[in-house]
Amino acid sequence: MGACAESKREGNSGSGGTGGSGNDTFIFAGSSDPVMMDPAFASDGESFRISRQLFEGLVSVKPGTTELEPLLATKWQSAGDGKSHTFTLKTGVKFHDGTDFNAAAVCANFDRWANWKGLNQNENISYYYGKLFQGFKTPEAGGTPGIYDGCEAKSDSEVTIKLNKPFAAFIDAMTLPAFAMQSPAAMKQYNADDVQGDAKDPRFSAYATQHPTGTGPFKFAKWDRGQQVVLERNDAYHGEKAKVSKAIVRIISDPKARTQELVAGNIDGYDLVSPADIQPLKEKGLQVMQRQPFTIFYLAFNQATPALQDKKVREALSYAIDKDALVKQSLPEGTKTAIEFMPDNVVGYNPSVTPYKYDPEKAKQLLKEAGQENLTLKFAYPTGVSRPYMPTPENSFVTIKGQLEKVGVKVEPVTAKWSPDYLDMTRKPEGVAKRDIHFLGWTGDYNDPDNFVGVFFGKKGLEWGFDNPELFKALQDARQLPTKEAQAEAYKKINAQIADFVPGVPLAHPAPSLAFGKGVKGYTPSPVQDEVWNTVTVQR
């Protein structure tokens, strides 16, 4: 596969000015603090929101789409067997510390990820590399080596990445912030990978909290924890220079407070607009923009619970849920109901899977056949958080609770704050007994079915509590097919297999909304949240 399109971020038209009479600072409200500034160790949206301004990958997506385009690589070529990928690099690019971006820097980044050891291999720390490369050069006890074979710098501007197994979505995966290029010199100087001193965790090294160093249109200035992250324009940027001199991410966890601050003019924009706020904001003359739905919101069944090991019970719960009512009552305009665990614009989507249409009488009958007419379930959901796939979890809980009670299921609410409590409840052993069913979801990182169903069901895990070797093997085999065309048919069968197994209920594909002040221009919403702010101007 080759690439020849020119990135819109690569032009030289930017003057670096403020857009005439515009304000020279863009203030965006984040819903929580980033975890850290090293994208290789990040897996949360707020960390990635900031890292997209500081760091760049070899490949990007065209603004507003999931279509690939060049970034630090000007073109690429993949071998027919899917085991090697050669990139031609843009020349003359500098990291923020003034060191050169080149093929050697690319290899340094890939080798860094592949050679992590000890704590750095923990799924909670190196989530994306571990998931997509399926291991490390020297795996911990019981682990297997990953698919990364090596990196060859053929010249300063040409580099080949070698894999020992094909990965059809490798190029698409390179759009992820986790695989952005970072300054090898800065990482060495500030001990990016060392668990030293008081940090005891590489996510909180001096590099990850004070000295993140990329090639992006903004540079890191300071981080006041719990308050704001300040970024400054990179005047030496190789592409279109930022129109504002500063970008500030202000931390405002309360959705109502974010709305009030925008109306008051104290911020210029925010993400995850509550569905109930959309029309009032429009009536005040403020801008509301929607991302294309590239999400899945689901109700997961924990099969460590004996009653949920019975497929009839899982089917009953599926038939008990009125997805149309859920969308109408708690999800934003533009949301689509779901029949499988990935959106319809992803390769391998199957419109013919069993849809489990709302049928409360059928749900009651299946519960009776299973001997579970008096079923009680611990229903977990997070509080005080908005996610792109789950903007109002409390409201969604009320809707689903009522639907389950209508078919005779008793519901015991289980609540927790999002991070780390709720996420730990779904991922750690001590959380298994606390929940029978729970809300969670996903925003796609790039256009690849493995990024959805592979993430959820690729191996035995604590969230779902089931062991299905047939499904695990099908997903592993499909991931290693060398082309997307071959993958399409394989994943259609897999999606039918998942629907028949009923691990949970795919509820909806919410369309996340963003809100902006009247004078904000140049912001293009992205289905994968690949929103870089160098084109943004602000007028107040």
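**Disulfide, helix packing and selected loop residues**

Cys107 has a relative accessibility of 9% and therefore counts as buried, a class that requires under 20% relative accessible area, whereas exposed means over 50% and partly exposed in between (1.4 Å probe, protein chains only). The model is predicted, so that local features need pLDDT of at least 70 and side-chain atom pairs count only at pLDDT 80 or more, while totals for chains, interfaces and linings use all residues. Residues are numbered from 1 along each chain as its sequence is written, and side-chain values rest on heavy atoms, with hydrogens and water left out.

Cys107 is joined to Cys151 in a disulfide, with the two sulfur atoms 2.0 Å apart; the term denotes a pair of cysteine sulfur atoms within 2.5 Å, and by this rule the count comes to one disulfide. The link of Cys107 and Cys151 is left-handed, with -75 degrees about the S-S bond. Because Cys107 belongs to helix α2 (residues 103-114) and Cys151 to strand β6 (residues 148-155), the pair ties together parts that lie 44 residues apart in sequence. Helices (H or I, at least four residues) and strands (E, at least two) are DSSP runs numbered from the N terminus.

Two packed helices are described by the angle between their axes and the distance between the axes. For helix α9 (residues 311-319) and helix α11 (residues 360-369), the angle is about 160 degrees and the axes are 8 Å apart, the axes being lines fitted to C-alpha atoms over the stretch in contact, with angles from 0 to 180 degrees between N-to-C directions. The helices α9 and α11 are therefore roughly antiparallel to each other (over 145 degrees; under 35 counts as roughly parallel, 65 to 115 as roughly perpendicular and the rest as oblique). The crossing of α9 past α11 is left-handed, in that the near helix is turned anticlockwise from the far one by less than a right angle. On the α9 side, Lys312, Val313, Glu315, Ala316 and Tyr319 meet Pro360, Lys362, Ala363, Leu366, Leu367 and Glu369 of α11, where contact means heavy atoms within 4.5 Å. The residues of this contact divide into seven nonpolar, no polar and four charged.

Tyr349 is placed in the loop between β14 (336-337) and α11 and is buried, with a relative accessible area of 18%. Although Tyr349 and Lys493 are 144 residues apart in sequence, their C-alpha atoms are 9.4 Å apart in space. When residues up to four places away in sequence are not counted, Tyr349 touches Ile339, Glu340, Met342, Pro343, Asp344, Lys492 and Asn495.

Pro275, found in the loop between β11 (269-270) and α8 (278-283), has a relative accessibility of 23% and counts as partly exposed. Pro275 and Leu331 are 56 residues apart in sequence, with a C-alpha to C-alpha distance of 6.2 Å. Neighbours within four places in sequence aside, Pro275 is in contact with Ser330, Leu331, Pro332, Pro391 and Thr392.

Most residues other than glycine have a negative phi. Gln529 lies in the loop between β20 (520-521) and β21 (537-538), and its relative accessibility of 17% places Gln529 among the buried residues.

Definitions and conventions
Nonpolar A, V, L, I, M, F, W, Y, C, P; charged D, E, K, R; others polar.
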